[in-house]
Amino acid sequence: MSSKTESDAAYPNRAYAWYVVAVLLLAYVFSFLDRTIIGLLVIPIEHDLGINDTDLSLLQGFSFALFYALLGLPIARLVDARSRRLVIACGIVAWSIMTALCGTANRFWQLFTARIGVGAGEATLLPGATSLLADYFPPQRRGLALGVFATGIFLGTGVALIVGGRLITALDGVELILPLIGATHPWQVVFIAVGLPGILVALLMLTVREPARQGSLALAEGRGMPLRDVGKYLRANLDTVLCHNLGFTLLAAAGFAASAWIPTVFIRVHGWTAGEVGQRFGLLSLIVGPLGSIVGGLLADAYRRRGKRDGKLRVALIAAIGCVPFAVAFPLTPDPFVAIGLLVPFVFFVSFVWGLAPGALQEVMPNQMRGQATALYTGVVNLLGLGLGPTSVAVMADYVFHDPAKLNVAAAIVVPILLLGAAVLFRAGFAPYCRTLDRLATAR
């Protein structure tokens, strides 16, 4: 029997493993549907709550990221030692209910608080899902599985834009009276409509079986790695962790900064309606985003088969550099359809990040801290990437240019800077990443 066959034999049945990918993908779709729907509702929310772009950016980023980051590590301790499917199912219920509660908000602070709850619930998914998939797929097939899982980001974003746009158009000028809530604005109805169905996904998550943990260090089954050992491992591999976390954070921040304001730019600069933006950019996200995520995973697997153990970082470097020219061009072009065309390669390259980042972590972390390492990364990527990416564009437009109409110019400056910083960090991480792989191999 070949070594590859022996490796595959240690993992669950391949068909069932892909069923698990499908369930986790559906959860990820709802996760991004619930977190990104607000991007299409910027103008009515600002009007009804009396807030500006900077205030709105806090609802898009910082409010969501705050408890996502703070609760990430405690939740990940459960992921690394307990039932991952139960942790994820509870998180889905929590973020679905909190999304629906966004639709009951009549004050900025109420919506801010509900968005914190959405982030707290979603803190369960990425650590739990990537840990599960690392135990369902061997390393040589893991990149594709994680790439397919990561398409949920773009499917969720696309559904949010298309469905949200149609709902906003259909409800325009309509004041609805809902039981227990009373009179509602259309944007409030959208939050409720996209939030509550997620509870059904939580029930589906309970059909997933918990696999045996692969690649563990010598600890008792079910016992999490002590925090002092987690800290010791991270310190010993600090260069790898920093290049990975900060590099992918800057790449993600570029994506967040662009996607958070794309609908608003097309509405303000090009005169499109929310429905038109939702249909056109939503369709682009549905097609191009998943394609990029899968291609990124396939490229990483191809590098691995060719003996390039740092292949995921190499593909990430390609993505960061590939995004730069389009990040400059699409916000500044005067033709909206040319701008949409320029968004195609931008979305394609930036979508590489979502499968590569957690996939790389699974390779350089022992099983008992994969969830915690992913939570640390998602904490950084959400606080810095989601928290600062959209806000940095809004602050430049509001307080540097003093003109909301310059939002597109601010995006054309901020996003490329973030991408170039990511490229530098990825290149610096090649050698440390391979050294960490060597250390981990000798420790098992």
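This is a predicted model: local features need pLDDT of at least 70, side-chain atom pairs count only at pLDDT 80 or more; totals for chains, interfaces and linings use all residues.
A crossing counts as left-handed if the near helix is turned anticlockwise from the far one by less than a right angle, and as right-handed if it is turned clockwise.

**Stop 1: H2 and H7**

Select residues 14–36, which form helix H2, and residues 125–136, which form helix H7. Look down onto the pair: H2 passes H7 in a left-handed crossing. The two axes lie 10 Å apart, at an angle of about 165°. Angles over 145 degrees count as roughly antiparallel, so H2 is roughly antiparallel to H7.

Now show side chains. On the H2 side, pick Tyr-16, Ala-17, Val-20, Val-21, Leu-24, Ala-27, Tyr-28 and Ser-31. Facing them from H7 are Leu-125, Leu-126, Ala-129, Leu-132, Leu-133 and Tyr-136. Colour this contact by class and you get 13 nonpolar residues, 1 polar and no charged.

**Stop 2**

Next, click on Leu-204, which sits in helix H10, residues 198–205. Setting aside neighbours within four places in sequence, Leu-204 touches Tyr-19, Val-23 and Leu-26. For a sense of scale, draw a C-alpha to C-alpha line from Leu-204 to Leu-437: it spans 35 Å, and the two are 233 residues apart in sequence.

**Stop 3: H9**

Select residues 186–195 to bring up helix H9, which is mostly covered. Of its 10 residues, 9 are buried. The buried ones are Pro-186, Trp-187, Gln-188, Val-189, Val-190, Phe-191, Ile-192, Val-194 and Gly-195.

**Stop 4: Thr-157**

Go to helix H8, residues 139–171, and pick out Thr-157. Its relative accessibility is 13%, so Thr-157 counts as buried. What does Thr-157 contact, leaving aside neighbours within four places in sequence? Show Phe-32, Thr-36 and Ser-285 to see its partners.

**Stop 5: H12 and H13**

Select helix H12 at residues 238–268, then helix H13 at residues 274–305. Their axes come within 9 Å and cross at roughly 130°, so this pair is oblique. H12 passes H13 in a right-handed crossing. To see where they meet, show Ile-262, Pro-263, Phe-266 and Ile-267 on H12, with Ala-274, Val-277 and Phe-281 on H13. By class, that contact of H12 with H13 holds 7 nonpolar residues, with no polar and no charged ones.

**Stop 6: the cysteines**

How many disulfides turn up in the whole structure? The search finds 0. A disulfide needs two cysteine sulfur atoms within 2.5 Å, so two examples are worth a look.

- Cys-102: the closest cysteine sulfur belongs to Cys-90, and at 20 Å it is too far for a bond. Cys-102 has 1% relative accessibility, so it counts as buried.
- Cys-434: the closest cysteine sulfur is in Cys-243, 12 Å away, which is also too far for a bond. At 17% relative accessibility, Cys-434 counts as buried.

Methods. Residues are numbered from 1 along each chain as its sequence is written. Side-chain values use heavy atoms; hydrogens and water are left out. Axes are lines fitted to C-alpha atoms, for helices over the stretch in contact, and angles run from 0 to 180 degrees between N-to-C directions. Helices (H or I, at least four residues) and strands (E, at least two) are DSSP runs, numbered from the N terminus. Angles under 35 degrees count as roughly parallel, over 145 as roughly antiparallel, 65 to 115 as roughly perpendicular and the rest as oblique. Contact means heavy atoms within 4.5 Å. Ala, Val, Leu, Ile, Met, Phe, Trp, Tyr, Cys and Pro count as nonpolar, Asp, Glu, Lys and Arg as charged, and the others, Gly among them, as polar. Buried means under 20% relative accessible area, exposed over 50%, partly exposed in between (1.4 Å probe, protein chains only).
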